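Here are a few notes to read alongside the structure.

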Amino acid sequence: MAKRKKFVNIPVLTHLAEESHEWPYENPLAPGHRMCPGCSIPPIVNMALLEYGKDVVTGSNTGCLEVTTGVFPYTAWTVPWIHVAFENNAAVLSGAEAAYRAFKKKGKIDKEIHFVSISGDGGTYDIGFQALSGAAERNHNMLYICYNNEGYQNTGYQRSSATPIGAFTKTTPVGSKIVGKEEKRKDLTLIMAAHEIPYTAQANPFNYKDFTRKIRKSKDVKGFKFINVLQSCTLSWRTKPEDAFRVLKLATESLYWPLYEVIEGKFWRINVKPSKPKPIEDYIAMQPRWRHVLKMPEILDKIKEEIYTKWDFLLRMEKLSKELAEDLGFTLDEIFEMSWDEYQEKVKPKLKEKTYLS
Ligand SMILES: Cc1ncc(C[n+]2csc(CCOP(=O)(O)OP(=O)(O)O)c2C)c(N)n1
Ligand code: SF4
Ligand SMILES: [Mg+2]
């Protein structure tokens with residue numbers, strides 16, 4: 001048997017220590033929470049919120065993050081955090097943001113405060129979707145992070161619309177008539193990009209520099225921001241705790257979870273392009289919830305079709321975006337790397353002229 005490499009997540013830890021502007025503040029999510037060993041929610045929350053600093057209001061739907069961090073009379077949160085119902089995280093945070101704007105206008109508050117929702121895929125893709133879509137359409141100045149573990153984990157692993165085809169869940173069992181979930185996963189990142197909100201991104205905590213850069217970008221951008229972050233679940237994916245970051249790494253290397261970002265639904269940029277993508281079989285083989293499909297060529301074929309057609313779509317969107325950026329006199333990278341104010345000043349007028357006045 002091949003010897004497995006020891007995998008210690010030192011780069012993420014040192015990155016947190018070196019790059020955080022707020023250090024030596026304590027982590028936004030302090031030790032003492034009750035998440036499972038190997039759960040990748042804590043690094044996602046800490047990496048994201050350390051970039052935002054202390055002047056932040058956060059909120060989470062009912063789900064693993066909430067039940068493990070806020071059981072009265074204890075809390076693991078060191079920043080203001082609101083526990084909201086399963087379905088209304090975006091509504092509550094957008095209401096808080098609107099109240100803040102009103103107070104600011106009246107001169108009752110003068111400091112800069114940021115609003116960050118952090119919710120599970122069940123609370124985002126499914127039951128909270130209309131609140132999310134409404135807040136996006138109203139363009140509240142807030143960031144919405146979906147920690148996506150592809151199921152309702154807090155209640156024992158039921159399917160969500162983020163669960164991939166063929167995966168076992170408690171509501172999509174594996175037997176002779178049904179083999180796991182029959183439908184493919186909903187692509188919420190594409191749906192949010194189609195809202196033409198200022199900034200949409202897909203991220204992976206394994207690619208921590210890319211993830212924290214996207215968080216910093218979201219802090220600079222004014223208006224609604226959405227970041228969909230893949231999150232491995234020890235209990236339901238049944239991966240070993242020490243394999244959490246190894247499985248996340250493979251998700252992007254196999255093109256299952258491409259990393260990309262979109263500005264206003266117009267400019268699309270892929271952030272990681274594996275020169276030789278890893279076989280999707282390697283990613284699936286690490287997850288007992290899903291590995292029965294390795295013996296089912298028909299399901300495997302559907303999974304591959306979904307992944308490779310989506311990758312092709314992203315490459316085409318990026319190509320079109322490069323052409324559009326060049327038509328406006330920029331490179332695509334310049335557009336993504338400029339500040340939001342610069343984008344308004346330099347790119348928006350040219351975009352208007354080029355796309356509907358010419
Ligand atoms: C209206 C309503 N329906 C169902 C529940 C039960 N419930 C609580 S958390 C949860 C699953 C949450 O899933 P997700 O948002 O993906 O977060 P995760 O548990 O995976 O962290 C469910 C079904 C509830 N609290 N409220
Ligand atoms: S059940 Fe999964 S998502 Fe929930 S705390 Fe455990 S590992 Fe994390
Ligand atoms: Mg979930």
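**Notes on the fold and its two ligand sites**

1. Let's start with ligand 2: the shell around it divides into seven nonpolar residues, five polar ones and no charged ones. Please keep in mind throughout that this is a predicted model. The residues around ligand 2 include M35, C36, C39, I41 and C64, and T68, N149, Q153 and C233 are also among them. Helix α9 (residues 234–237) provides the largest share of this shell, three residues.

2. Ligand 1 has a shell of 18 residues, and the closest are G63, C64, G120, G122 and N154. By class, four of the residues around ligand 1 are nonpolar, twelve are polar and two are charged. At least two residues each come from α3 (64–67), β3 (114–120) and α5 (121–126). Of the elements, α5 gives the most, with three residues. You will meet C64 in both lists: it is among the closest to ligand 1, and it is one of the residues around ligand 2.

3. Now to the sheet. Eight strands form an open sheet with mixed pairing, in the order β2-β1-β3-β4-β6-β5-β7-β8. The edges are β2 (81–83) and β8 (267–270); each has a single partner strand, so one side of each is left without a neighbour in the sheet. Direction ignored, neighbouring strands are turned by 15° against each other on average.

4. At the β2 end, strand β1 (residues 56–60) pairs with β2 in the parallel sense over three bridges.

5. Is it buried or exposed? Five of its five residues are buried, so β5 is largely enclosed by the rest of the structure. Both of its faces are covered, with Y199, A201 and A203 buried on one side and T200 and Q202 buried on the other. As background, side chains in a regular strand alternate between the two faces of the sheet.

6. What are the partners of β5? With β6 the pairing is parallel, over five bridges, and A203 has V229 in β6 as its bridge partner. With strand β7 (residues 260–263), β5 pairs in the antiparallel sense over four bridges; here the bridge partner of A201 is E261. Together with helix α8 (residues 208–220), β5 and β6 make a right-handed β-α-β unit.

7. A few backbone details are worth checking by eye. F72 and P73 are joined by a cis peptide bond, with omega about 10°, and P73 is in the loop between α3 and β2.

8. Two residues other than glycine have a positive phi: E150, with a value near 60°, and R238, at about 60°. E150 lies in the loop between β4 and α7 (188–194), while R238 is in the loop between α9 and α10 (244–253). How many C-beta neighbours does E150 have inside 10 Å? There are 29, so E150 counts as buried, the cut-off being 20 or more. R238 has 15 other C-beta atoms within 10 Å and is therefore partly exposed.

Technical notes: Residues numbered from 1 in each chain as written. Chains lettered and ligands numbered in written order. Predicted model: local features only at pLDDT ≥ 70, side-chain atom pairs only at ≥ 80, totals over all residues. Near = placed C-beta within 6 Å. Nonpolar A, V, L, I, M, F, W, Y, C, P; charged D, E, K, R; others polar. Pairing = 2+ DSSP bridges. Axes fitted to C-alpha atoms, helices over the stretch in contact; angles between N-to-C directions. Buried ≥ 20, exposed ≤ 12 C-beta atoms within 10 Å, placed from the backbone. Right-handed = clockwise from strand over helix to strand, strands pointing away.
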